[in-house]
Amino acid sequence: MTEITALIGGTGIYALAGMELRSETIKTPYGEVTVERTDDLIFLHRHAPRHSVPPHKVNYRANIKALDMLGVKRICATFAVGSINPDFELAVPVILSDFLDYSSGREHSFFDRIDAGKGHVDVSVPFCPVLSDALEAEAAKLNLKVRRGGVYASTNGPRFETPAEIRAYRKFGADVVGMTLCPELPLALELGMSYAGLAFSINWGAGMTPNIELQHAGVDEIKDKMLRTMIGALANTKNADCIPATIL
Ligand code: HPA
């Protein structure tokens with residue numbers, strides 16, 4: 001059977017060039033979600049079509065539940081981030097490996113009741129190694145420079161961080177900072193999905209330059225290759241043995 005996979009596009013990633021897509025609206029228990037799709041690839045705009053929803057208002061549960069209802073088991077997602085590790089150059093995509101969650105006030109779990117004594121997802125391996133390997137391999141094929149491994153500090157937004165917050169996140173081991181990984185990733189793991197993340201940096205974190213300066217130009221140049229990398233990685237891992245997170 002053809003496996004259906006999904007690509008979640010964040011800021012700056014709105015179109016799958018050259019693909020014929022049709023719209024579909026899914027009614028989930030958490031709200032309606034509209035995706036664009038082919039028969040076997042779902043494209044979800046995290047911030048809704050036309051980027052109308054800010055990071056702290058995204059209906060993460062509806063988004064992930066919609067993918068689940070469409071039969072998706074594997075997701076590749078993109079994130080625009082700020083670099084807070086000086087070694088993490090702007091516009092060099094990072095295949096994420098771990099996260100710190102500083103988000104708050106968001107609906108962040110499907111486990112509102114503990115059924116059969118289970119209600120805690122194990123996030124010891126947050127990002128799927130099989131999908132992450134495939135991203136690295138596809139990027140190499142396309143001659144796209146990527147960095148393997150990076151820790152994402154997930155903040156609440158919509159404000160940017162203070163210099164002191166950035167220094168603190170750095171001390172705690174974060175390499176990049178963004179506003180949307182959490183609760184999207186843990187929700188996907190709660191529903192047994194595998195998830196890989198590709199983050200591209202468009203600025204240096206607060207305090208590393210006199211003001212936040214967003215630089216989209218470098219990313220515009222690699223966007224197409226990033227998309228092809230993700231689509232290729234999903235296609236090449238169809239029915240691969242990704243190990244879903246354990247629910248305890
Ligand atoms: N902080 C938080 N989120 C972001 C940033 C940042 O510096 N850049 C892009 N998304």
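Colleague: Which element supplies the largest share of the lining of the largest pocket?
Modeller: In this predicted model, the lining of the largest pocket draws at least two residues from each of S5, S10 and strand S11 (194-204). The largest share amounts to five residues. The element that gives this share is S5.

Colleague: What volume does the largest pocket have?
Modeller: The lining of this pocket consists of 26 residues, and Thr11, Ala80, Phe160, Met179 and Ile202 are those nearest its centre. By class, the lining divides into 13 nonpolar, 11 polar and two charged residues. The volume of the largest pocket is about 390 Å³.

Colleague: Where does the ligand sit?
Modeller: The residues that surround the ligand include Ala80, Phe160 and Met179. Ala80, Phe160 and Met179 are also among the lining residues nearest the centre of the largest pocket. The place where the ligand sits is the largest pocket.

Colleague: Which elements give two or more residues to the shell around the ligand?
Modeller: The ligand has Ala80, Val81, Gly82, Phe160, Glu161, Val177, Gly178, Met179 and Asn203 around it. Within this shell, S5 provides the largest share, three residues. The elements with two or more residues in the shell are strand S5 (74-83) and strand S10 (176-178).

Colleague: How many residues of the shell around the ligand are charged?
Modeller: Five residues of the shell are nonpolar and three are polar. Glu161 is one of the residues around the ligand, and Glu counts as charged. The number of charged residues in the shell is one.

Colleague: At what distance from a nitrogen atom of the ligand does a polar side-chain atom of Asn203 lie?
Modeller: A polar contact requires N or O atoms within 3.5 Å. A polar backbone atom of Gly82 is 3.3 Å from a ligand nitrogen, and an N or O atom in the side chain of Glu161 is 2.8 Å from a ligand nitrogen. For the polar side-chain atom of Asn203, the distance to a ligand nitrogen is 2.6 Å.

Colleague: What percentage of the ligand's accessible area does the protein cover?
Modeller: On its own, the ligand has 260 Å² of accessible area. The part of this area that the protein covers is 94%.

Colleague: Which elements give two or more residues to the lining of the second largest pocket?
Modeller: The second largest pocket holds about 240 Å³ of space. Its lining has 18 residues, with Val125, Pro129, Ile243, Pro244 and Ala245 nearest the centre, and divides into 13 nonpolar, three polar and two charged residues. The elements that give two or more residues to this lining are helix H2 (129-141) and S11.

Note on methods. Residues numbered from 1 in each chain as written. Predicted model: local features only at pLDDT ≥ 70, side-chain atom pairs only at ≥ 80, totals over all residues. Heavy atoms only, no water. Near = heavy atom within 4 Å. Polar contact = N/O pair within 3.5 Å; in protein donor to acceptor, adjacent residues only side chain to side chain. Areas by Shrake-Rupley, 256 points an atom, 1.4 Å probe, with all protein chains shown as cover. 1 Å grid on protein atoms, 1.4 Å probe; cavity = no way out; pocket = protein on both sides within 12 Å on 5 of 7 lines; lining within 4 Å. Sits in = over half its atoms within 2 Å of the grid points. Helix = DSSP H or I, 4+ residues; strand = E, 2+ residues; numbered from the N terminus. Points joined across faces, edges and corners; volume = space filled by probe spheres on them.
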